[in-house]
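I'd like to walk you through one structure, so let's bring it up on the screen.

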Amino acid sequence: MTPEGIRGEIDAAADAAGSFDPLRPLLTRVAYRMLGSVADAEDVVQDAFIRWLGTDRSAVREPAAFLRRTVTRLCLDQIKSARSQRETYVGPWLPDPLVEEEEEDDVTLPLMIALERLSPLERAAFLLHDVFGVEFEEVAKTIDRDPAATRQLAARARTHVRDARPRYKLEKEQGLQIANAFFAASRSGDMGALGALLAADVGMWADGGGKRPAAMGPVLGHDIVLKLHRSLAVLFGKYGSTLVHAGTINGLPGFVTREADGELQTTALEIEDGKITAIYVMRNPDKLKHMH
């Protein structure tokens, strides 16, 4: 290739990056909420950039809409292969944890789990319209359905995920206080204090992905969750568990710890009426790589 040709390619790449990079955070949020995986979301967004490089950008009136459409369609393709992998996943599956300083929207971890039960098209219609505020006509173009069918998809999705959406907004400070109290009680073995934090119907889900020890199914009920933590407290007392960060994890109060095996772990807490109703623990090292 001639020097002029090389310069032309460099200029074209710079032009593409100049219009793409400001949209990258939004596109990554769309992809992550579609897929539940940080690495897969980043791969999809990078694939979208490569396609953007090869697009006649002068003919694109609205780059944001064009790229959001591209990312969503790539995610729909990705979901098909991801679903077959989930069928053989060891133990409960949880989305990759995101430690957020500021919540961008109300897509909390329970809602992300509920989205997994939707069809790919329901998930796309709900996220694009209800979360990202895209008009139904544009959503319809994105998923290649007519607007009436797209509205029905979003309505069905809304019905399925209604119970997973927060019924009221938890004050951030209250959530962090409860998370800190949970960490202190669970690590010190103060079962009285821990029991007082838990709702009667509390449930616990731990995702080890077959890579680290974790319960193979949900642990349900106050007494059973407390019994499990009594056993864990013995291990914490013997081998240690260090608090790395307390904050918001996938929209829920929680904390990041470094456990005795040197690996990170996240714990996110769903709280209602001042009591912990659900505990979500991520232990799978593959899903924690982006936090190192």
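**A walk through the model**

Let me start with Met-34, which counts as buried, as its relative accessibility is 2%. Before going further, please keep in mind that this is a predicted model.

So where does Met-34 sit? Its place is in helix H2, residues 24-35. Which residues does Met-34 contact, leaving aside neighbours within four places in sequence? The list is Thr-72, Cys-75, Leu-76, Ile-79, Pro-120, Arg-123, Ala-124 and Leu-127. There is also a C-alpha separation to look at here: Met-34 and Phe-126 are 92 residues apart along the chain, and their C-alpha atoms are separated by 10 Å.

Now, on to the sheet. How many strands does it have, and in what order? Seven strands make up an open sheet, and reading across you get S1-S4-S5-S6-S7-S2-S3, with mixed pairing. At the edges stand strand S1 (99-100) and strand S3 (219-220); each has a single partner strand, so one side of each has no neighbour in the sheet. As a reminder, strands of a sheet pair through backbone hydrogen bonds, either parallel or antiparallel.

Here we have both kinds. S2 and strand S7, residues 275-282, run parallel and are joined by six bridges. If you want a place to look, find Leu-198, which stands opposite Ile-276 in S7.

For the antiparallel sense, go to S4 and S5, which pair over eight bridges. Thr-248 stands opposite Pro-253 in S5. The hairpin of these two strands has two residues between them, and Asn-250 takes a positive phi near 50° there. Next along, S5 and S6 also pair in the antiparallel sense, over five bridges, with Gly-254 opposite Ala-268 in S6. That hairpin has four residues between the strands, and here Gly-262 is the residue with a positive phi, near 85°.

And is S5 enclosed or open? Seven of its eight residues are buried, so S5 is largely enclosed by the rest of the structure.

H11 lies across S2, S3, strand S4 (241-249), strand S5 (252-259) and S7, and it runs at about 55° to S2.

While we are at S2, have a look at Asp-207, which is in that strand. Buried or exposed? Asp-207 counts as buried, because its relative accessibility is 0%. Not counting residues up to four places away in sequence, Asp-207 touches Tyr-89, Pro-92, Trp-93, Leu-94, Ala-214, Val-281, Met-282, Arg-283, Asn-284 and Lys-287.

My last stop is the second largest pocket, which holds about 450 Å³ of space. What lines it? There are 23 lining residues, and Leu-232, Phe-236, Glu-259, Gln-265 and Arg-283 lie nearest the centre. By class, the lining has 14 nonpolar, four polar and five charged residues. Helix H9 (172-188), strand S2 (198-207), helix H11 (222-239) and strand S6 (264-272) each supply at least two residues of that lining. Which element gives the largest share? That is H11, with six residues.

You will have noticed some returning names. Arg-283 is among the residues nearest the pocket centre, and Arg-283 is also one of the residues that Asp-207 touches. H11, in turn, lies across strands of the sheet and contributes the largest share of the pocket lining.

That's my tour, and I'm happy to go back to any part of it.

Key
Residues numbered from 1 in each chain as written. Predicted model: local features only at pLDDT ≥ 70, side-chain atom pairs only at ≥ 80, totals over all residues. Heavy atoms only, no water. 1 Å grid on protein atoms, 1.4 Å probe; cavity = no way out; pocket = protein on both sides within 12 Å on 5 of 7 lines; lining within 4 Å. Points joined across faces, edges and corners; volume = space filled by probe spheres on them. Nonpolar A, V, L, I, M, F, W, Y, C, P; charged D, E, K, R; others polar. Pairing = 2+ DSSP bridges. Contact = heavy atoms within 4.5 Å. Axes fitted to C-alpha atoms, helices over the stretch in contact; angles between N-to-C directions. Buried < 20%, exposed > 50% of the residue type's maximum accessible area, 1.4 Å probe, protein only.
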